[in-house]
Amino acid sequence: MVHVEPAHLVELALRNTPPTDDDAEALRHVERCDRCRDELRMMTRVVTAARSAELVDLQTAPPERVWQRITQVLSRESAPPRPPPRALGRSANRKLLVALALAVAAGAVVAGGVARHMLRRNV
């Protein structure tokens with residue numbers, strides 16, 4: 001059985017574009033496939049949570065010394081450290097949070113698939 005690609009499941013969960021024929025075919029598969037249905041459900045939950053997140057949900061910025069150390073390590077020069085990046089706006093924070101959440105979800109899907117594959121090979 002050919003499953004829906006994880007990237008396509010992410011796109012279905014995001015619902016950012018009008019549905020295509022490929023989307024309709026993928027959704028038909030999802031209706032019949034427990035694995036793909038569970039993965040789409042998980043990704044949809046992550047998207048919903050990320051879209052409903054508020055700025056108060058985000059962690060505070062790290063201390064100045066963290067940015068200084070990062071700059072030193074990356075530059076490997078004796079130049080003075082750069083100032084920390086300026087804070088992102090609300091919209092940019094939300095987009096960043098959604099992107100990070102989706103990356104985590106995609107990573108979980110891939111890791112789950114690899115783990116299932118490895119378990120099947122060892123059985």
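Q: Is Cys 36 buried or exposed?
A: Cys 36 counts as buried, at 0% relative accessibility. Buried means under 20% relative accessible area, exposed means over 50%, and partly exposed is in between, with a 1.4 Å probe and protein chains only.

Q: Before we go on, what kind of model is this?
A: This is a predicted model, where local features need pLDDT of at least 70, side-chain atom pairs count only at pLDDT 80 or more, and totals for chains, interfaces and linings use all residues. Residues are numbered from 1 along each chain as its sequence is written, and side-chain values use heavy atoms, with hydrogens and water left out.

Q: Back to cysteines. How many disulfides does the structure hold?
A: The structure holds 0 disulfides. A disulfide here is a pair of cysteine sulfur atoms within 2.5 Å.

Q: New topic. Where does Arg 15 lie?
A: Arg 15 lies in the loop between helix 1 (6-14) and helix 2 (21-32). Helices are DSSP runs of H or I, at least four residues long, and strands are runs of E, at least two, numbered from the N terminus.

Q: And what about its phi?
A: Arg 15 has a positive phi of about 55 degrees, although it is not a glycine. Arg 15 is also exposed, at 64% relative accessibility.

Q: Which residues of helix 1 are buried?
A: Leu 9, Val 10, Leu 12, Ala 13 and Leu 14.

Q: What lines the second largest pocket?
A: Glu 11, Leu 12, Arg 15, Thr 17, Pro 19, Asp 23, Leu 27, Leu 40 and Thr 44. Helix 1, helix 2 and helix 3 (34-51) each give two or more residues to that lining.

Q: How do those residues divide?
A: Into 4 nonpolar, 2 polar and 3 charged. Ala, Val, Leu, Ile, Met, Phe, Trp, Tyr, Cys and Pro count as nonpolar, Asp, Glu, Lys and Arg as charged, and the others, Gly among them, as polar.

Q: Last one. Where is Thr 71?
A: Thr 71 lies in helix 4 (residues 64-75). Thr 71 is buried, with a relative accessible area of 18%. A polar atom of the Thr 71 side chain lies 2.8 Å from the backbone oxygen of Trp 67.

Notes:
A polar contact is a pair of N or O atoms within 3.5 Å; within protein, one must be able to donate a hydrogen and the other to accept it, and residues adjacent in sequence count only if both atoms are side-chain atoms. On a 1 Å grid over the protein atoms alone, a cavity is a set of points where a 1.4 Å probe fits but cannot get out, and a pocket is an open set with protein on both sides within 12 Å along at least five of seven lines; lining residues have an atom within 4 Å of a point.
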